[in-house]
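This report describes how two ligands are surrounded and how two chains meet. The sequence and the structure are shown first.

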Amino acid sequence: MAKELIEGNVAIAEAAIRAGLEAFYGYPITPQTEILEHLSWRMPQEGRVFLQAESEIASINMVYGAACAGVRVMTSSSSPGISLMQEGFSYIACSEVPAVVINVMRGGPGLGNVQPSQGDYFQAVKMAGHGDFHMIALAPASVQEAIDLVVLAFDLADRYRTIAMVVADGAIGQMMEPAELPPMRPVRRPEERPTWALTGAKGRKPNIITSLYLSAETLERVNLALQAKLRRIAAQETRWKEYRTEDAELLLVAFGTVGRICQTVVREARALGMRVGLLRPITLWPFPSTRLAALASRGRGILVVEMNAGQMVEDVRLAVEGCCPVQSYGRMGGVIPLPDEILPELKNM
Amino acid sequence: MEEMELVYKRPESLTPAHTHYCPGCTHGIIHRLIAEVLDELGVRERTIGIAPVGCSVLAYYYFNVDMAEAAHGRAPAMATGLKRVSPDKVVFTYQGDGDLAAIGTAEIIQAASRGELFTTIFVNNAVYGMTGGQMAPTTLPGQRTTSSPAGREVETAGWPIKVAELIAVLPGTAYVTRQAVLDIPTIRRAKKAIKLAFQTQLAGLGFSMVEIISTCPTNWHMDPKEALEWAKEHMLAYYPLGDTKVSDGVRALM
Ligand SMILES: Cc1ncc(C[n+]2csc(CCOP(=O)(O)OP(=O)(O)O)c2C)c(N)n1
Ligand code: SF4
């Protein structure tokens, strides 16, 4: 398939259809509403389910219901709406059903604004809801990568029976870029639904999907199994990209749109004779800690650039365990940090 | 030996598990009525139930059908998501009054309004049973609970919600009724209503809901018989029994 000029949100929606999305439930919120609008006509066109829910609380619980039926299902929202979904994330994680969630982040806290932001890093990787669990969090830095990560999110969600969230900043959602969509995958046939799914207890014992375990010992066993699964995911699914790290003595760490900006910073710094490299995490959870620690051990310092007050920088510090200085540069409220302000920060290190 | 006829047995749609319900609690009767209806309609093997958060949170151990456990109040959203991708299945939610008429008000009204093709069994026992008898949206004026110790004051706590009447005004609903399980005649009528509600779903006519006036002897601090009498005298006075919505399509089924 050839490249076409496509907007990030539309690309995300269309990629989900190509990945075999069978049902979408969502609620409008800027800057991701184009996802819902695109699916509102494309899903019926493909004979699939689209429903505009009454709230994000309803959306995520509709997703939970459809996930229990064993189909590929997704919702999308932006920061305040994601906050409303957190109870649902926790139930889905504990019940171990697969679901895909898109968060096109906007400025916060509160109603904030509709400018691009990365303020939901903590929420995506550390506090997705109550109890001990993580979602897989995938952060694209281009429209093409958003497409690829949506497809990957469905595959990982199915493989590990977990939630996978694509965490895009508003810039990715609103940007037009040439990109290539994947080929169309058909939706699962009814007889292909997984054996654990709720399909009616015909000729078998009833299937039960719950997140309730009343005895402490049982719930601890459930948690231990969940933790073991998370460790498996961390071992097998950690993803990142590096740029000019071979000989770098200063390392930039940034994700999403900021990762892209920092690539320009690396080029500009190199032109000035500075040995600068970039590590861009693609999975925010699991975080590429091991690789970071290795790079840090032979460097002189790390600068973490984000569109927030400094959230991922905490994970970077944990990863490098003090073996080199780690500094943070963040812009908030929807302000996008530019190379001209990042470069002086680097020079000061 | 004389040949004997088996006249009463556990419906196939109930498991042999002993329930955790308090002695005299009417949740058990309602479970049995639903199970008998699923058996009679021959749909057990294609039925999916959604249990609530409340005393019936463990209903999935008692119904011999595929089941999921929802977050508090969200069963209608879950049922919506599930039924839309499984239109050939029979889907029901089983919900208490705190679950449906307080925290889950938005979900039930919107699902009913969309005319979702599932059936809701709504158990109105006028209190939050599971958390120890606090005031529910259905608690009667003056009724004492652990969070309205002087009796529900409508000036501050508002009036009890009449759910069957509220839901009935929504155009998406096909069959809405209020029934009770307080003696043999009301139990018989409740079963007929539950059956009609599932038939409404099977015929694809729209949303169907059966509100059932129930008792909570434990939190009402009464013995089971007293509780039944109290419900008849006080609850039925505020919550009249009968159908609040019967669409033309449903009437043709009657
Ligand atoms: C989000 C959330 N809030 C509160 C609770 C606590 N809670 C559990 S059951 C319940 C009330 C259930 O009452 P009702 O729906 O009337 O059912 P009953 O127990 O009377 O059958 C509450 C408030 C919860 N589990 N989740
Ligand atoms: S607390 Fe009330 S509603 Fe709950 S099982 Fe006991 S009697 Fe039934």
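## Shell of ligand 1

Helix 3 (97-103) and strand 5 (127-128) of chain B each contribute at least two residues to the shell around ligand 1; helices (H or I, at least four residues) and strands (E, at least two) are DSSP runs numbered from the N terminus. Helix 3 of chain B gives the most to this shell, with four residues. The model is predicted: local features need pLDDT of at least 70 and side-chain atom pairs count only at pLDDT 80 or more, while totals for chains, interfaces and linings use all residues. Residues are numbered from 1 along each chain as its sequence is written, chains are lettered from A and ligands numbered from 1 in the order in which they are written, and side-chain values use heavy atoms, with hydrogens and water left out.

Ligand 1 lies between chains A and B. It is surrounded by 17 residues, the closest being B:Cys55, B:Asp97, B:Asp99, B:Gly129 and B:Met130; a residue is near a molecule if one of its heavy atoms lies within 4 Å of it. By class, the shell around ligand 1 has six nonpolar, eight polar and three charged residues (Ala, Val, Leu, Ile, Met, Phe, Trp, Tyr, Cys and Pro count as nonpolar, Asp, Glu, Lys and Arg as charged, and the others, Gly among them, as polar).

Polar side-chain atoms of B:Asp97 and B:His27 each approach an oxygen atom of ligand 1, at 2.4 Å for B:Asp97 and 3.1 Å for B:His27. A polar backbone atom of B:Gly129 lies 2.7 Å from an oxygen atom of ligand 1. Taken alone, ligand 1 exposes 600 Å², of which the protein buries 76% (Shrake-Rupley method, 1.4 Å probe).

## Shell of ligand 2

The residues around ligand 2 include B:Cys22, B:Cys25, B:His27, B:Cys55 and B:Gly129. Helix 8 (residues 217-220) of chain B gives the most to this shell, with three residues. The shell around ligand 2 divides into six nonpolar, five polar and no charged residues.

## Interface of chains A and B

Chain B and chain A bury about 2,600 Å² between them, 60% of it on carbon and sulfur atoms; buried area is the accessible area (1.4 Å probe) that two parts lose on being put together, summed over both. B:Glu45, B:Asp66 and B:Val85 supply 23% of the area that chain B buries against chain A, more than any other three residues.

Three salt bridges are counted between chain B and chain A (a side-chain nitrogen of Lys or Arg within 4 Å of a carboxyl oxygen of Asp or Glu). B:Asp66 forms a salt bridge with A:Arg204, with the closest N and O atoms 2.7 Å apart.

Technical notes
Polar contact = N/O pair within 3.5 Å; in protein donor to acceptor, adjacent residues only side chain to side chain.
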